[in-house]
Amino acid sequence: MSQLGCPCGNTVKDNVVPCPTEGRLLRDEDGEGFELAMCREIVALFDARDSGRRDEWVRTALGEQYPVEVDDAGVVSDLMSKHILALDLAVSECSSCGRLFVQRENFEGELVVYSPDEPGYKRLLAARNRASS
Ligand SMILES: [Zn+2]
């Protein structure tokens, strides 16, 4: 989302990676389809590898310019990114008042704003497995 002006006066920025005020939202109804698509992709990758067609399959799935020397874990990670980016919505949390800005549709700029009943930054999108800063 880059930079948003919040009604509270704060500016919400995503200029660090990973960003503790940014997240992704996957609709429950899309989740099952995503998991099924990923399972099929992983099986297809392994079938292609076992039959000696891995490089051809990887380039078909991820593009002609994709570096085929990337290991299977990297290919699976990129396949997941490809599928999830087609479905998920960006979410930003104001680090001052806690408002959430949710993208209405994938690849669109319109945002829906949600205000918490109790204002304040809740670190909802900050990683739980990192030391807080
Ligand atoms: Zn705010």
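Strands are DSSP runs of E covering at least two residues, as helices are runs of H or I covering at least four, and both are numbered from the N terminus. Two strands are taken to pair if DSSP finds at least two bridges between them. The structure is a predicted model, in which local features need pLDDT of at least 70 and side-chain atom pairs count only at pLDDT 80 or more, whereas totals for chains, interfaces and linings use all residues. Residues are numbered from 1 along each chain as its sequence is written.

Under these criteria, four strands form an open sheet in the order β3-β4-β5-β6, with antiparallel pairing. From one strand to the next, the twist averages 25°, with axes given by lines fitted to C-alpha atoms (for helices over the stretch in contact) and angles running from 0 to 180 degrees between N-to-C directions. Strands of a sheet pair through backbone hydrogen bonds, either parallel or antiparallel.

The pairings can be followed across the sheet. Strand β3 is joined to β4 (residues 89–93) by four bridges in an antiparallel arrangement, and Leu25 lies opposite Leu89 of β4. Three bridges link β4 with β5 (residues 100–103), again in the antiparallel sense; here Ser92 faces Phe101 of β5 as its opposite residue. These two strands, β4 and β5, form a hairpin with six residues between them, and Gly98 in the turn has a positive phi of about 85°. Strand β5 is also joined to β6, antiparallel to it, by four bridges. In that pairing Phe101 stands opposite Val113 of β6.
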